[in-house]
Amino acid sequence: MSSPIKTFKPLHVVSDVSHTLFTEEIYPKRLPVILRGVEIGPCQEKWTAEYLAEKGGGKEVKIHVAPTPQMDFIQKNFVYRSLPFNEFVQRAARLKQDNFFISENEKYYLRALGDDPRKDIADISHQFPELAQDIHIPPFFNKDRFFSSVFRIASPGIQLWTHYDVMDNLLIQVNGRKRVVIFSPKEADKLYLNGDKSEVLDIDNLDEKKFPLFSHTERYEGILNPGDILFIPALWFHNVISLDFGVAVNVFWKHLDDNFYDSKDTYGNKDPLPATRAMQILDRALKTLDELPLEYREFYARRLVHRIQSKALCDHHPT
Ligand SMILES: O=C(O)CCC(=O)C(=O)O
């Protein structure tokens, strides 16, 4: 049985955000905020599909192609295909296709990658130098913390699953509106995680039988209008629906010192190294517990949970 979700808290919106306001007031709180009225350069007027196609050229890009608006990473209802950037942009801006991979109603999503994704990090000033001149990335973090700048171009309606990233993020919505839903890292145990993604795909019509805890999450919601920027601190979960043909650039930067991040992670979504090590150790601990008969395994599992709760969670109040 599915039931529609109606309650949410509106995302906080702050207007006319200056460098000082962001760095001194907003950033230290580490909460998601929609920043309005920040100067992002001429991209907002210039970046029509035609202009992007002309200036972005015919470089091959790898895109997600889905038969329905909701991309499903569990059933893999989408395929990866390559298209020249100019052809891709024109298709994404259309509702119906003459040339298609799956069907005339297929939807497209680009999450730009580096030239060689195994070695290179996405950076629009390298991959799309002419277009990069049109966008002014707000200098809200130190340049030496910069990790990547990523084109996100989407067909109207397409929905990207709920996930978290391990870096701080400014999602600059250049064109088109986008609905964003955000969950705190504290909700991780109610989101049915599969790696960095939530298995709850339809977050608006909940399958309560399959995901009973999800309806207890605290959900923040907002609409990004063209020119808005969403600050998404590392580890905050986000789910986005492009309400129109959408062009965005998101900029990731490192919150932690360099040595916390995997230097081979060009995508920027690998957990910090100590977290990865802790997960591996826990996997070994679980395997070790399996050597015990059930009664003992459960007893020691409870003791482990208690130790994790009392030693590693600050919001745990022992009774
Ligand atoms: O806006 C989008 O298409 C996705 C944004 C996103 O996932 C991100 O900025 O990390």
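**View A. Arginine 219 and the backbone oxygen of isoleucine 203.** In this predicted model, the side chain of arginine 219 reaches the backbone oxygen of isoleucine 203 at 2.8 Å. With a relative accessibility of 6%, arginine 219 counts as buried. (Buried means under 20% relative accessible area, exposed over 50%, and partly exposed in between, with a 1.4 Å probe and protein chains only.) Leaving aside neighbours within four places in sequence, the contacts of arginine 219 include Ile5, Phe8, Arg179, Phe183 and Asp204, where contact means heavy atoms within 4.5 Å. Valine 174, by comparison, is 45 residues from arginine 219 in sequence and 25 Å from it in space, C-alpha to C-alpha.

Before you move on, a few notes on reading these views: residues are numbered from 1 along each chain as its sequence is written. Because the model is predicted, local features need pLDDT of at least 70 and side-chain atom pairs count only at pLDDT 80 or more, while totals for chains, interfaces and linings use all residues; side-chain values use heavy atoms, with hydrogens and water left out.

**View B. Aspartate 168 in strand 10.** Here you can find aspartate 168 in strand 10 (residues 168-175), buried at 0% relative accessibility. Which side chain does aspartate 168 join through a polar contact of 2.4 Å? The partner is tyrosine 27. The side chain of aspartate 168 also reaches the backbone nitrogen of alanine 234, at 2.9 Å. Among the other residues that aspartate 168 touches, not counting residues up to four places away in sequence, are Arg30, Phe231, Val251, Trp253 and His255.

**View C. Aspartate 265 in a loop.** Look for aspartate 265 in the loop between strand 18 (246-253) and helix 7 (273-289). Aspartate 265 is buried yet has no salt bridge. (A salt bridge is a side-chain nitrogen of Lys or Arg within 4 Å of a carboxyl oxygen of Asp or Glu.) How far away is the nearest side chain of opposite charge, lysine 270? The distance is 4.7 Å; Lys and Arg count as positive and Asp and Glu as negative, while His and the chain ends are not counted. The backbone nitrogen of asparagine 269 lies 3.0 Å from a polar atom of the aspartate 265 side chain. Not counting residues up to four places away in sequence, aspartate 265 touches Phe147 and Lys270.

**View D. Salt bridges.** A search of the whole structure finds 24 salt bridges. One of them pairs lysine 59 with aspartate 115, with the closest N and O atoms 3.2 Å apart. Lysine 59 sits in the loop between helix 3 (49-56) and strand 5 (60-66) and aspartate 115 in the loop between strand 7 (107-111) and helix 5 (124-127), so this pair ties together parts that are 56 residues apart in sequence. Lysine 59 is partly exposed, with a relative accessible area of 30%, and aspartate 115 is exposed, at 52%. Glutamate 104 and lysine 96 meet in a salt bridge of 4.0 Å, N to O, and glutamate 104 is partly exposed at 37%. Arginine 297 and aspartate 290 meet in another, at 3.9 Å. Asp144, Arg145, Lys254 and Asp258 are linked in a network of salt bridges.

View E. Although it is not a glycine, aspartate 16 has a positive phi of about 50 degrees. Aspartate 16 lies in the loop between strand 3 (12-15) and helix 1 (19-26) and is exposed, with a relative accessible area of 61%. Leucine 235, also not a glycine, has a positive phi of about 80 degrees. Its place is in the loop between strand 16 (229-232) and strand 17 (237-242), and leucine 235 is partly exposed at 40%.

Definitions and conventions
Helix = DSSP H or I, 4+ residues; strand = E, 2+ residues; numbered from the N terminus. Polar contact = N/O pair within 3.5 Å; in protein donor to acceptor, adjacent residues only side chain to side chain.
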